[in-house]
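Dear colleague,

Please find the structure below, handed over for your records. My notes on what was found in it follow.

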Amino acid sequence: MTSETFPADDPRHGTNAGYLRHVETDRNYCEPCREAHAIYRRSLWRRRYVLGVTSLYIDSTGTRRRIQALQALGWRYTDIDTTAGVTDGWSSSAVRGTRVNITQATKLAEAYEKLCMHLGPSGRCRTWAIRKGWLTPLAWDDIDDPNEKPRRGSNQRSRADVDEAVVIRFLTGEHHLPTTVAERYEITARWEAQGRSLGDLEALSGWNSNRYTTRQDGAA
């Protein structure tokens, strides 16, 4: 036990991961964590002695693909771990392994369902993941099938696509996001509507912003 405490607002409260965090810190177990640990122990007993399942580990293909897909959307390892209720650093380790704990894999799958239809907060993470060739959720029909071939074009968007999340993230400060032509037109229009100068937009984005404005200036 250390002098470190387990914050009351930590999202792992009420999970077995929360119980383990109590073990690592103050050992002042809250009732939700005690209950979650008891459920975990009962499920462990059932798998071993009722169902005859002695292995607690499964192939990591689905887990690895889910983590990579979330990273390609901009969800960082810390975001994934927090949403899944697993210990810090678990997903960064799991993405490199060949086997994964079945309970944690289930938690990761549940977190994936919550996050997979939304862009994450980190444009840098998204760019890094796509450069590594990691695929977004749309690449997979059955993400757990090790024999499935992904749709490799799923990270590519049409020039006419406008993702509202990308537009908003750009306008609120993420000026180096990958953007489509249509998104640049939309961003430029909103930028001007906010009374901001095209010169500033060019300096921040590196675009020739005059290419993305539909404004027609009349002759003097």
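I begin with a turning point in the chain: α9 is followed by Gly195, whose phi is positive, near 80°. Helices (H or I, at least four residues) and strands (E, at least two) are DSSP runs, numbered from the N terminus. Please note that this is a predicted model, in which local features need pLDDT of at least 70, side-chain atom pairs count only at pLDDT 80 or more, and totals for chains, interfaces and linings use all residues. Residues are numbered from 1 along each chain as its sequence is written, and side-chain values use heavy atoms, with hydrogens and water left out.

Helix α9 itself covers residues 181–193. Its 13 residues reach 19 Å from first C-alpha to last, close to the 18 Å expected at 1.5 Å a residue (that is, 1.5 Å times one less than the number of residues). Ala182, Glu183, Ile187, Thr188 and Trp191 of this helix are buried, meaning under 20% relative accessible area, with exposed over 50% and partly exposed in between (1.4 Å probe, protein chains only). The cover over the buried residues of α9 includes α8 (164–171) and α10 (198–205).

The largest nonpolar core has 25 residues, of which Ile67, Leu70, Trp75, Ile80, Trp90 and Tyr112 touch the most other members. Such a core is a set of buried Ala, Val, Leu, Ile, Met, Phe, Trp, Tyr and Cys residues joined through side-chain atoms within 4.5 Å. At least two residues of this core come from each of α3 (61–72), α4 (77–84), α5 (90–94) and α6 (102–115), and α6 gives the largest share, five residues. Beyond its neighbours within four places in sequence, Ile80 is in contact (heavy atoms within 4.5 Å) with Ile67, Leu70, Gln71, Trp75, Ser91 and Leu108. Another core, of nine residues, lies apart from the largest one and has Phe170, Ile187, Leu198 and Trp207 among its members.

Across the chain there are 10 helices and two strands, and 42% of the 220 residues are buried.

As to confidence, pLDDT (the predictor's confidence in each residue, from 0 to 100) averages 81 over the chain, and 85% of the residues score at least 70. Helix α2 (residues 31–50) has the lowest mean, 75, and α4 the highest, 95. Over residues 215–220 pLDDT stays under 50, and the model has two contacts beyond four places in sequence for them. Where pLDDT is low, the predicted coordinates should not be read in detail.

Yours sincerely
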